Every structure is written in structure tokens, then in C-alpha cells.
Amino acid sequence: MEQQLNELFNWLDETSTIIEQEENTPYIEALIASSNLLFEQQVPEDLEPNYQKQLTDKVNQFQFNQYDREARRKAMQLAILKGMKGATQQHHYITPDTIGVFVGYLINKFLEGEQSYRLFDPACGSSNLLLTILNQQEHLTVDTYGSEVDPTLIRLAFNNTNLQEREIEYFHQDSLKPILLEPVDVVASDLPVGYYPDDEAASSYELKAEEGHSYAHHLFIEQSIKYTKEGGYLFFVVPSFLFESEQKEQLQAFLKDQVHIVGVLELPKTMFKDEKFSRSILVLQKKGEGTRDPKKVMLAQLPSFKDVHATNNVIKQIDQWFKNDR
């Protein structure tokens with residue numbers, strides 16, 4: 001797959017650079033155009049002849065669908081990272097593959113025996129997390145939905161999904177406002193962290209701040225629970241300080257009323273340049289008929305994913321939890 005990955009990335013990079021220079025546009029905008037070109041296999045006819053020939057030559061080089069889905073996803077991911085490097089706003093962030101793979105593994109464990117389910121990411125960004133999860137679940141039918149307010153990220157998500165030949169229904173909107181979506185079985189999201197600027201919209205939430213702006217990540221948790229079926233599961237990548245903020249008591253009381261806290265898995269410290277940016281995976285189950293608290297909350301400090309032996313030990317502990325403590 002490495003050869004396929006390199007070939008696809010080089011194609012996207014070279015074609016994006018041609019568009020960037022010819023149209024004097026930022027690389028990330030050029031990437032949106034080049035990835036669409038790769039999918040459509042059709043060059044616009046109203047271009048300057050030399051420019052049109054350059055793009056036509058690139059399009060004729062190969063067919064994207066001859067490449068593995070994971071190679072396509074990773075090539076897009078690398079190109080997006082290049083485009084965002086140095087000019088990335090905080091919310092322009094790609095969930096690392098290792099986290100997506102681990103969340104996908106957890107979903108498989110909790111939904112073992114299911115043939116189909118509905119999946120939603122209310123902060124999908126360029127959709128790397130959703131696509132990483134879907135590429136691990138070829139044996140299941142997954143109706144998938146994503147919501148994203150940023151216009152650049154939603155276009156990248158759309159092109160990313162086309163290149164993966166997946167079906168994902170996207171909502172280009174503020175996910176903290178009402179969404180035209182029936183409740184889902186699973187929510188998986190790498191939550192944006194910070195303050196939500198729309199105090200009027202936040203005023204309808206139980207987790208709104210008494211004074212000043214509310215925490216966006218708290219509101220995303222509440223909104224996600226609202227759009228989850230009773231008994232459904234939620235997998236959030238959250239800041240490790242989630243239960244240490246000045247609003248922790250309000251959050252804990254809300255969660256106690258609405259969900260069962262199933263697991264808290266602290267991600268490897270080595271993944272983060274600064275410990276204050278460390279993240280954890282929070283696993284919740286929405287309360288419903290027949291649901292209950294687990295016998296014991298799944299707690300783990302995940303080792304570096306590069307340490308295969310230590311990672312396998314944690315997987316064994318999680319398997320034991322499913323047998324004895326769920």
C-alpha cells in the first residue's frame with residue numbers, strides 16, 4: 001500500500017501545485033480542485049491551452065479507483081496536512097489515524113453481532129475520523145452522517161468521501177443548532193475545544209454557562225446525546241481536563257442524568273507536544289429501557305501505539321472488561 005500511497009499523494013501534490021500557481025489560489029483550495037478533478041476525471045474546457053494540457057496529462061495518468069481505499073484516504077490526509085501546515089486554525093485539525101483506528105475497534109466491540117447501524121459525527125471536519133471508522137467495518141451496513149460548519153472542511157470532506165466511493169450525508173451548518181436528523185445508534189467525534197460564541201443559541205442548552213460564553217465541547221456532548229437513540233453509544237475524543245474545569249459539577253450532574261459513563265481511555269502522552277493538550281476517549285451509553293451502569297467503568301492509560309507489546313496488553317484488558325465488567 002505504501003507505493004500506492006506515495007503515487008496518489010504525489011499526484012495530488014503536483015496537481016494542486018499546478019492549480020495553485022496557475023490560479024494564484026491557496027494550496028488547500030487547489031487541493032479541493034485537484035481532488036475533484038481526480039474523481040470526475042474531467043478537465044474544464046474554458047482554460048488557457050497550456051494549463052488545460054497540464055491538467056489533462058495529469059488526469060490521464062491513472063484511475064483513482066485502482067487504488068486501495070486506505071491508500072486514497074491517507075494520500076488525501078497527507079495533502080490536507082500539507083495545505084494546513086503553518087496556517088491552520090485550531091479547528092482545522094485532523095484526527096490522527098491511530099485514534100480513528102482505536103475508536104473503530106471500540107465501536108466493533110460494543111456493536112458486536114449487529115449487521116447495520118447509523119453513525120454520526122457532529123464535528124466531522126474533513127471526515128478523516130468517519131472514513132477511518134468505515135474502512136474497518138466493511139462487513140456492516142453503516143448509514144453515515146456528518147456535520148461541519150467550516151466551508152473549506154466540508155468541501156474537503158465531500159471530495160474525500162467521493163474518492164473513497166462512500167455514501168455519507170453531510171450537513172453544512174452549525175451543529176449546535178437544530179439538525180434535520182433522526183436519532184442514530186452511534187456518535188463518534190473528535191470534539192472541538194473552546195468557547196462557543198453564540199450565546200443566544202447556547203441559552204437553550206442545559207450545559208450553558210451561567211455567565212459569559214459556554215464551552216463548545218460541553219454543548220457538543222449535550223447535542224450529540226439528543227441525537228442518539230436510547231441505548232446508543234457515544235465515543236468522544238475529549239480534552240483530558242474535561243472533568244477538571246470550573247463547570248465540571250454541572251457536566252457531571254448532566255451526564256449522570258442522561259447517560260452511563262462506560263469508559264475513559266487516556267490517549268498516549270507521546271501523541272501530544274504539550275501535556276495540557278492531552279486527550280482521552282470518553283465512552284458513553286444513552287440511558288434507555290434495559291440499560292444500566294457497567295459493573296466497572298473501563299479505565300485505561302493507553303501506551304504509545306508504537307509499543308506493540310504494551311498495546312496488545314491493553315487490548316487483552318479491554319477484552320477481559322467485555323467478558324467480566326460490562
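Trainee: What separates phenylalanine 102 and tyrosine 105 in helix H5?
Mentor: This is a predicted model, where local features need pLDDT of at least 70, side-chain atom pairs count only at pLDDT 80 or more, and totals for chains, interfaces and linings use all residues. Residues are numbered from 1 along each chain as its sequence is written, and side-chain values use heavy atoms, with hydrogens and water left out. Helices here are DSSP runs of H or I with at least four residues, strands are runs of E with at least two, and both are numbered from the N terminus. Phenylalanine 102 and tyrosine 105 sit three residues apart in H5 (residues 97-110), so what separates them is about one helical turn.

Trainee: Why is the pair of phenylalanine 102 and tyrosine 105 called tilted?
Mentor: Rings of Phe, Tyr and Trp (its six-membered ring) pair if their centres lie within 6.5 Å; planes under 30 degrees apart count as stacked, over 60 as edge-to-face and the rest as tilted. For phenylalanine 102 and tyrosine 105, the centres are 5.6 Å apart and the planes are at 45°, so the pair is tilted.

Trainee: Are phenylalanine 102 and tyrosine 105 buried or exposed?
Mentor: Buried means under 20% relative accessible area, exposed over 50%, and partly exposed in between (1.4 Å probe, protein chains only). Phenylalanine 102 has 6% relative accessibility, and tyrosine 105 has 18%. So phenylalanine 102 is buried, and tyrosine 105 is also buried.

Trainee: Which residues do ring pairs link into a cluster?
Mentor: The structure holds ten aromatic pairs. Ring pairs tie together a cluster made of Phe110, Tyr233, Phe235, Trp321 and Phe322.

Trainee: Which residue lies over the face of phenylalanine 322?
Mentor: A charge sits over a ring if NZ of Lys or CZ of Arg is within 6 Å of the ring centre and within 35 degrees of the ring normal. At 5.2 Å from the ring centre of phenylalanine 322, the residue over the face is lysine 109.

Trainee: Which helix supplies the largest share of the lining of the largest cavity?
Mentor: On a 1 Å grid over the protein atoms alone, a cavity is a set of points where a 1.4 Å probe fits but cannot get out, and lining residues have an atom within 4 Å of a point. The search of the whole structure finds one cavity of 30 Å³ or more, and about 30 Å³ of space lies in the largest cavity. Helix H1 (2-23) and helix H4 (69-84) each give at least two residues to its lining. The largest share, three residues, comes from H4.

Trainee: How many charged residues are in that lining?
Mentor: The lining is made of Leu8, Leu12, Leu38, Phe64, Arg72, Ala75, Met76 and Leu163. Ala, Val, Leu, Ile, Met, Phe, Trp, Tyr, Cys and Pro count as nonpolar, Asp, Glu, Lys and Arg as charged, and the others, Gly among them, as polar. By class, there are seven nonpolar residues and no polar ones, and the charged count is one.

Trainee: Which residue in S10 is the bridge partner of glutamate 266?
Mentor: Strand S8 (residues 259-266) pairs with strand S9 (residues 279-286) in the antiparallel sense over seven bridges, and glutamate 266 stands opposite serine 280 in S9. S8 also pairs with strand S10 (residues 298-301), in the parallel sense over four bridges. In S10, the partner of glutamate 266 is glutamine 301.

Trainee: Which residues of S9 point the other way from Arg279, Ile281, Val283 and Gln285?
Mentor: In a regular strand the side chains alternate between the two faces of the sheet. S9 is mostly covered, with eight of its eight residues buried. Pointing the other way from Arg279, Ile281, Val283 and Gln285 are Ser280, Leu282, Leu284 and Lys286.

Methods. 1 Å grid on protein atoms, 1.4 Å probe; cavity = no way out; pocket = protein on both sides within 12 Å on 5 of 7 lines; lining within 4 Å. Points joined across faces, edges and corners; volume = space filled by probe spheres on them. Pairing = 2+ DSSP bridges.
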